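Please look over the sequence and the structure first, then read on.

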Amino acid sequence: MRISRRAINGLSRREFLIMTSMATAGLATGCATNPVTGRSQLMMMSEDEEIAIDKKQSPHQFSSDYGTTQDRALQNYVQTTGKHLAANTHRPQMPYDFHCVNANYVNAYAFPGGSIACTRGILLELGNEAELAALLGHELGHVNARHTASSMSKAQLASIAVGGLSIVAGAAIGSGAGDLAGQLGQLGSGALLASYSRDNERQADGLGMEYMTRSGYGPQGMVGLMEMLNTMNQHQASATDLLFSTHPMSTERYQTAVSQAKNDYAPFNGKPLYRDRYMDNTARLRKIKGAIKKMQDGEEAMGKEKYGDAEALFKQALAEAPDDYTGLLLMAKCQLAQKKNAAAERYVQRAKQVYPQEAQAYHISGITELRNKKYAAAYEDFSVYRQRLPGNPNTVFFQGLSLEGMERLEPAAQAYKAYLQNVQQGDQAQYAYKRLKEWGVVK
């Protein structure tokens, strides 16, 4: 019998055959009832596992996005709005947590256990609280329909066929030189985020409309959000690249929202949008909108390796927002890309001062210290980063590199061995293995 390319539950023929072979071999596969639809779906993780994965991974993504905003009023506003919506979902028992993160790109995302973030970039594109509720409601839809958990379950099936997943940590460092991405050793923006299908997006839109109207908002909030996203999608702004790669947009989604507002949710059309309240709570953010736009342009220039243009844009942004953590780190990275190591150190040290609780600056600081051959200081920075944000294997590699620079070869070898237990691919892994062979640790 021929199995179609989309045999069951959205699995490809290859994924279905893998699942079948696993079941034959007595390995654990599972189905669960979708809490939204009541239908059975492939699910290889329990709710407790969803929460555990969330707690392990989401802090790395938040830090990659320059941490939760230091504007406590804004953070409390996003958190309060999200919690109000969460109480009206299909899974109100989940440990929901809502963040406004300092990234400039336009996006919102959810982890499977209920950690949800929106970037400051997307908050600048919204016009009222109902649109924020629609945005958070959409992400709550992904959590409630278990889209991320289902996607990760399919990924587990695929990974079993090739012997499991490993983290590729970037390019070789050698004696401290090498390409920027490898040196930063970060989990890049969006590296941990799920990519959703168009069907997932349609369902999350519908759930978002349901949750926001249940919570007392007018459905025009979803219409406004879809109109904004559709317009940005048509203009292909670089700041939205990740948004539309993980959340595919279409004119159909906007038209559906318009239709639902007119028909299914017509009784709610008199409900408030809360524009004034939104404007009051985002006032401080909107004061630096010009600086954030320059940072967006600077990040686009960085992506094109136009580092001089990027530096000029970041300098203009910092003139408007001199203590902006994101701007300071972007400038530090731009200086590193140009091998202006002393200048990079000045910017990253300032970033550590303005947001001492956030981890990423310590990692970037460690890189600048390595570049400047301040190995003991680099080791200390990486140790602080690892304490505040454990679980990134790249940090262990860079600790080994720092120890090697200090000529402490025995602890350096231990660090490289620990790194290789987690990462077996990529130039950093090759470098670590080469050193262990040279030192006689491995044969």
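## Confidence of the model

The model is predicted. The protein chain has an average pLDDT of 86, and 82% of the residues reach at least 70. Two stretches call for separate mention. In residues 1-12 the pLDDT is below 50, and this stretch makes 24 contacts in the model beyond near neighbours in sequence. In residues 156-178 the pLDDT is also below 50, and here the model has 56 contacts beyond near neighbours in sequence.

## Overall make-up

The secondary structure of the protein chain consists of 22 helices and 5 strands. The chain has 443 residues, and 54% of them count as buried. When contacts between residues at least 6 apart in sequence are taken, 67% of them join residues at least 24 apart.

## Helix 16 and helix 18

Two packed helices are described by the angle between their axes and the distance between the axes. For helix 16 (residues 325-337) and helix 18 (residues 360-371), the angle is about 25° and the axes are 11 Å apart. Angles under 35 degrees count as roughly parallel, and helix 16 and helix 18 are therefore roughly parallel to each other. The crossing of helix 16 past helix 18 is left-handed.

On the side of helix 16, the contact is made by Tyr325, Leu329, Ala332, Lys333 and Leu336; on the side of helix 18, by Gln360, Ala361, Ile364, Ile367, Thr368 and Arg371. By type, the residues of this contact are 7 nonpolar, 2 polar and 2 charged.

## Helix 5 and helix 8

Helix 5 (residues 129-144) and helix 8 (residues 198-214) cross at roughly 125°, and their axes come within 7 Å. That angle makes helix 5 oblique to helix 8. Helix 5 passes helix 8 in a crossing that is right-handed.

Helix 5 contributes Ala130, Ala133, Ala134, Gly137, His138, Leu140, Gly141, His142 and Asn144 to the contact, where they meet Asn200, Glu201, Ala204, Asp205, Leu207, Gly208, Tyr211 and Met212 of helix 8. The residues of this contact divide into 8 nonpolar, 7 polar and 2 charged.

## Residues linked across the sequence

Gln296 is placed in helix 14 (residues 289-303). With a relative accessible area of 13%, Gln296 is buried, because buried means under 20%. Apart from neighbours within four places in sequence, Gln296 contacts Asn104, Val106, Gly121 and Ala239. Gln296 and Gly121 are 175 residues apart in sequence, while their C-alpha atoms are 8.8 Å apart in space.

Gly405 belongs to helix 20 (residues 393-405). Its relative accessible area is 28%, so Gly405 is partly exposed. Gly405 and Lys373 are 32 residues apart along the chain, and their C-alpha atoms are separated by 7.6 Å.

## Two residues with positive phi

Most residues other than glycine have a negative phi. Arg146 is not a glycine, yet has a positive phi of about 60°. Arg146 is in the loop between helix 5 and helix 6 (147-161). The relative accessible area of Arg146 is 8%, so this residue is buried.

Tyr274, also a residue other than glycine, has a positive phi near 60°. The loop that holds Tyr274 runs between helix 11 (251-262) and helix 12 (275-281). Tyr274 has a relative accessibility of 33% and so counts as partly exposed.

Note on methods
Residues numbered from 1 in each chain as written. Predicted model: local features only at pLDDT ≥ 70, side-chain atom pairs only at ≥ 80, totals over all residues. Heavy atoms only, no water. pLDDT = per-residue confidence, 0-100. Contact = heavy atoms within 4.5 Å. Axes fitted to C-alpha atoms, helices over the stretch in contact; angles between N-to-C directions. Helix = DSSP H or I, 4+ residues; strand = E, 2+ residues; numbered from the N terminus. Parallel < 35°, antiparallel > 145°, perpendicular 65-115°, else oblique. Left-handed = near helix turned anticlockwise from the far one by under 90°. Nonpolar A, V, L, I, M, F, W, Y, C, P; charged D, E, K, R; others polar. Buried < 20%, exposed > 50% of the residue type's maximum accessible area, 1.4 Å probe, protein only.
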